[in-house]
Amino acid sequence: MNALTIVSLVSFVVSVLTAGLIAAAQARQAPSDEHPTLPAGPGREVMIRVCSQCHEPENAAAQELDEKGWKSLVDDMASKGADATDAEFEEIVRYLVNAFPPPPK
Ligand code: HEC
């Protein structure tokens with residue numbers, strides 16, 4: 001076995017280990033269901049249930065809004081016919097503000 005073979009073996013092992021670590025880190029962050037782009041947090045389940053009524057709940061992941069912005073977006077969805085109680089809409093707004101806050105100024 002020459003030095004080059006050893007170097008490539010070592011780098012292969014390192015890259016396999018790194019890939020494993022990255023996968024493990026991602027698995028911890030995102031719940032492993034069919035909505036990996038929606039971060040964990042209180043209100044996530046109710047948001048997925050209510051916001052899946054018409055389109056993918058992932059639509060929300062394209063937005064980064066403050067509380068006012070999320071509230072008016074959720075109100076807009078309610079006026080389109082989203083079906084939930086006031087308490088559930090409030091929970092959804094809180095989840096969305098935590099999950100997709102506005103970008104830093
Ligand atoms: C009654 C049907 C319905 C429900 C339920 C619903 N939406 Fe929507 N949503 C729509 C429609 C229709 C559009 C696209 C047309 C539009 O933007 O006017 C849309 C578009 C969006 C968009 C893209 C808007 C943009 O400006 O690009 C986001 C974000 C979104 N919805 C988030 C949500 C969230 C969050 C929920 C849960 C609170 C939700 N939707 C529930 C009907 C719904």
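These legends accompany close-up views of a predicted model. Local features need pLDDT of at least 70 and side-chain atom pairs count only at pLDDT 80 or more, while totals for chains, interfaces and linings use all residues. Residue numbers start from 1 along each chain as its sequence is written.

**View 1. Helix α3 spans residues 67-80.** Helices are DSSP runs of H or I with at least four residues, and strands are runs of E with at least two; both are numbered from the N terminus. The expected span of a helix is 1.5 Å times one less than its number of residues. For the 14 residues of α3 that should give 20 Å, and the end C-alpha atoms are 20 Å apart, which agrees. Just after α3, Gly81 takes a positive phi of about 125°.

**View 2. Buried and exposed residues of α3.** A residue is buried if 20 or more other C-beta atoms lie within 10 Å of its own, exposed if 12 or fewer, and partly exposed in between, with C-beta atoms placed from the backbone. Trp70, Val74 and Met77 are buried. They cover an arc of only 55° around the axis, which puts them on the same side of α3. The arc is that of the directions from the helix axis to the C-beta atoms. On the other side, Lys68, Ser72, Asp76 and Ser79 are exposed. The buried residues of α3 pack against α4 (86-99); contact requires C-beta atoms, placed from the backbone, within 7 Å.

**View 3. Helix α2 covers residues 44-51.** Its buried residues are Arg44, Met47, Val50 and Cys51. They lie on the same side of α2, because their arc around the axis is only 140°. These buried residues of α2 pack against α4.

**View 4. The shell around the ligand has 15 residues.** A residue is near a molecule or strand if its C-beta atom, placed from the backbone, lies within 6 Å of it. Cys51, Cys54, Met77, Gly81 and Ala82 come nearest to the ligand. α2 and α3 each supply at least two residues of the shell. α3 gives the most, with 4 residues. The shell divides into 9 nonpolar, 5 polar and 1 charged. Here Ala, Val, Leu, Ile, Met, Phe, Trp, Tyr, Cys and Pro count as nonpolar, Asp, Glu, Lys and Arg as charged, and the others, Gly among them, as polar.

**View 5. Glu56 in the loop between α2 and α3.** Glu56 counts as partly exposed because it has 13 C-beta neighbours inside 10 Å. Glu56 and His35 are 21 residues apart along the chain. Their C-alpha atoms are separated by 9.2 Å.

Key
Contact = placed C-beta atoms within 7 Å.
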